[in-house]
Amino acid sequence: MATLPADQMQVALYTRRGCHLCDQALDLLQRRGLTVQLIDISQSEELTNQYGLQIPVVEIDGRVRFRGHVQPLLLQRLINHAAACVPNKT
């Protein structure tokens, strides 16, 4: 399965109101050009039980990549890898 470029990567941020680390994660993801789907875990007992105090949790293309903190260097590597995996259309 091919990886998508950054602007087409599917990114979900599991968050809840008042989470300053979630706000920082969202800011970083958006500054890297990613479109982020926000998922408030407090709206689901199942998600609250699953992620609880681990938020922010960042899922990229269906795979959890970060819990609690987004590492900027690793995020950039994931984006670079995604871009390298897409064939040129020239």
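1. Two strands count as paired here if DSSP finds at least two bridges between them. Keep that in mind for β1 and β3: strand β1, residues 11-15, is joined to β3 by 4 bridges, and the two run antiparallel. One spot to look at is Tyr14, which stands opposite Val57 in β3. Bear in mind as you read on that this is a predicted model.

2. Now for the sheet as a whole. It is open, has 4 strands in the order β2-β1-β3-β4, and its pairing is mixed. At the edges sit β2 (36-40) and β4 (63-67), each of which pairs on one side only. On average, neighbouring strands in this sheet are turned by 25° against each other, ignoring direction.

3. Next, the helices. Helix α1, made of residues 20-31, lies across β1, β2 and β3, and runs at about 165° to β1. Helix α3 (residues 72-85) also packs on the sheet, where it touches β3 and β4. The direction of α3 makes about 155° with that of β4.

4. Is Glu59 buried or exposed? Glu59 is buried, yet it has no salt bridge. A salt bridge would need a side-chain nitrogen of Lys or Arg within 4 Å of a carboxyl oxygen, but the nearest side chain of opposite charge, Arg67, is 8.2 Å away from Glu59.

5. So what does Glu59 touch, once neighbours within four places in sequence are left aside? Its contacts are Gln10, Val11, Ala12, Tyr14, Val64 and Arg65. Tyr14 in that list is the residue from point 1 that stands opposite Val57.

How values were computed
Residues are numbered from 1 along each chain as its sequence is written. This is a predicted model: local features need pLDDT of at least 70, side-chain atom pairs count only at pLDDT 80 or more; totals for chains, interfaces and linings use all residues. Side-chain values use heavy atoms; hydrogens and water are left out. Buried means under 20% relative accessible area, exposed over 50%, partly exposed in between (1.4 Å probe, protein chains only). Lys and Arg count as positive and Asp and Glu as negative; His and the chain ends are not counted. Contact means heavy atoms within 4.5 Å. Axes are lines fitted to C-alpha atoms, for helices over the stretch in contact, and angles run from 0 to 180 degrees between N-to-C directions.
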